[in-house]
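Please look over the model below.

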There are 2 protein chains.
Amino acid sequence: MEQQYSSALLNRAVDEFAKLPGIGRKTAMRLVLHTLRIDADKVDGFCNALHTLRHEVKYCRTCHNISDTDVCQICSNPQRDASTICVVENIQDVMAVESTMQYKGLYHVLGGVISPMDGIGPGDLEIESLVDRVEAGGVKEVILALSSTMEGDTTNFYIYRKLMHHDDVELTVLARGLSINDELQYTDEVTLGRSLVNRVPFKG
Amino acid sequence: MEQQYSSALLNRAVDEFAKLPGIGRKTAMRLVLHTLRIDADKVDGFCNALHTLRHEVKYCRTCHNISDTDVCQICSNPQRDASTICVVENIQDVMAVESTMQYKGLYHVLGGVISPMDGIGPGDLEIESLVDRVEAGGVKEVILALSSTMEGDTTNFYIYRKLMHHDDVELTVLARGLSINDELQYTDEVTLGRSLVNRVPFKG
């Protein structure tokens, strides 16, 4: 049962905050009371930023990354290597790869992975548009950078089947193995096994 | 340094969420991406609830609890005992006491405690209005239900000095002692010492 507060306005604001993922009613209350302590124009700024984002958000028509323009800054940047496409699940993953500073190609955001349990099939993802990009030519490598889960592997395999007849396009996946700073004794046996099988020459 | 995302709108929304207490940029990002997945009218409902609360919030003119009306539901309830006033720090504390279902009197929300380190003096709190309520007559007991901290104790003492010449008004504080379910060996020595000094007759 939801607690009723002395003010219906307060109650409604707490209800709304508590709908956000990972925010319970106690945290919601704390956040709402915070908005009562700060200036009204700061609350207006917050609401306005959220409202504007939700109503004016655009996605790049090429890679489906979030963007303020029709084609995103990455896709329209001539410095980036257009012959390489890194396939990721969502826009956070674009940020994660970008933050490594190790990648200079383009992206393709699928919008999820194939997950029959959640009712997500290939048709719900941006897989056809990836195939279109490859068929348009100029692509030498497609890097499958999906999560190392069963759903990720299924999606990798589906994309592989769709692109396998393009002999001129190399399909690669991210290397799996020990994380940097991992201690051997605490590494799970599947990861350790894979690291052993896929061992590489030592570069001193 | 704050990370820049591929969209200025996104960046601004994340900045705004990250200003909320206890919300870092990673959580802010997660919340913002959630608002992109849900329907736009749900985001509008959220913004509207927050905006309405901030601009239309009222505080009870008697006890300063948050209220939709000039006098709150508690102060205007004839079933409540108007001769007892429970002095609390903030509106969460009103909720905490209400949730015990053990109190049928009225409240007085100070809006904080005296804390010279934070620049909060007696003049910043609703202490004068408490004295006015007591001087208006009809009050038999004032319960000081402030936090068991140095600031709380200081505030208790300040209020005591203000009300000490009202011989007809009894000043009480919340009992201090072991929490329910506390194990003796893990109780801090100050609390245990106080519990021992203030021991009460056993009611079998």
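Is A:Asp153 buried, partly exposed or exposed? A:Asp153 counts as partly exposed, at 33% relative accessibility. The model is predicted.

**Salt bridges**

A:Asp153 has a partner. A:Arg176 forms a salt bridge with A:Asp153, with 3.9 Å between the closest N and O atoms. A:Arg176 sits in the loop between strand 6 (170-173) and helix 7 (189-197) of chain A, and A:Asp153 sits in helix 6 of chain A, so the pair ties together parts 23 residues apart in sequence. A:Arg176 also counts as partly exposed, at 23% relative accessibility.

Side chains of opposite charge can pair when their charged atoms come close. Over all chains, the count is 10 salt bridges. Three of them are tabulated here.

| Salt bridge | N to O distance |
|---|---|
| A:Arg25 and A:Asp15 | 2.7 Å |
| A:Lys162 and A:Glu128 | 3.2 Å |
| A:Arg176 and A:Asp153 | 3.9 Å |

The side chains of A:Arg25 and A:Asp15 meet in a salt bridge. A:Arg25 belongs to helix 2 of chain A and A:Asp15 to helix 1 of chain A, so this pair ties together parts 10 residues apart in sequence. A:Arg25 is partly exposed, with a relative accessible area of 22%. A:Asp15 is partly exposed as well, at 23%.

A:Lys162 forms a salt bridge with A:Glu128. This pair links distant parts of the chain, 34 residues apart: A:Lys162 is in helix 6 (residues 150-163) of chain A, and A:Glu128 is in helix 5 (residues 127-135) of chain A. A:Lys162 is partly exposed at 27% relative accessibility. For A:Glu128, also partly exposed, the relative accessible area is 46%.

**The interface**

How many salt bridges are there between chain B and chain A? The count is zero. Polar contacts are another matter: 16 residue pairs are in polar contact between the two chains, both residues at pLDDT 80 or more. Chain B and chain A bury about 4800 Å² between them, and 69% of it is on carbon and sulfur atoms. In all, 52 residues of chain B are in contact with 51 residues of chain A.

Several elements of chain B contribute. Helix 3 of chain B gives the largest share, 16 residues. By class, this side of chain B has 27 nonpolar, 15 polar and 10 charged residues.

**Helix 4 of chain B**

In helix 4 (residues 91-100) of chain B, B:Ile91, B:Val94, B:Met95 and B:Val97 are buried. Seen down the helix axis, the buried residues fall within an arc of 165°, so they line one face of the helix. They pack against helix 1 (8-18) and helix 2 (25-37) of chain A, and against strand 2 (66-67), strand 3 (81-88) and strand 4 (105-109) of chain B.

B:Asn90 caps the N-terminal end of this helix: a side-chain oxygen lies 3.2 Å from the backbone nitrogen of B:Gln92. After the helix comes B:Met101, whose phi is positive, near 60°.

**B:Ser83**

B:Ser83 is found in strand 3 of chain B. B:Ser83 is buried, with a relative accessible area of 13%. The side chain of B:Ser83 makes a polar contact with that of B:Asp81, at 2.6 Å. Leaving aside neighbours within four places in sequence, B:Ser83 is in contact with B:Gly138, B:Val139, B:Lys140 and B:Glu141.

Technical notes
Residues are numbered from 1 along each chain as its sequence is written. Chains are lettered from A and ligands numbered from 1 in the order in which they are written. This is a predicted model: local features need pLDDT of at least 70, side-chain atom pairs count only at pLDDT 80 or more; totals for chains, interfaces and linings use all residues. Side-chain values use heavy atoms; hydrogens and water are left out. Buried means under 20% relative accessible area, exposed over 50%, partly exposed in between (1.4 Å probe, protein chains only). Helices (H or I, at least four residues) and strands (E, at least two) are DSSP runs, numbered from the N terminus. The arc is that of the directions from the helix axis to the C-beta atoms. Contact means heavy atoms within 4.5 Å. A polar contact is a pair of N or O atoms within 3.5 Å; within protein, one must be able to donate a hydrogen and the other to accept it, and residues adjacent in sequence count only if both atoms are side-chain atoms. Buried area is the accessible area (1.4 Å probe) that two parts lose on being put together, summed over both. A salt bridge is a side-chain nitrogen of Lys or Arg within 4 Å of a carboxyl oxygen of Asp or Glu. Ala, Val, Leu, Ile, Met, Phe, Trp, Tyr, Cys and Pro count as nonpolar, Asp, Glu, Lys and Arg as charged, and the others, Gly among them, as polar.
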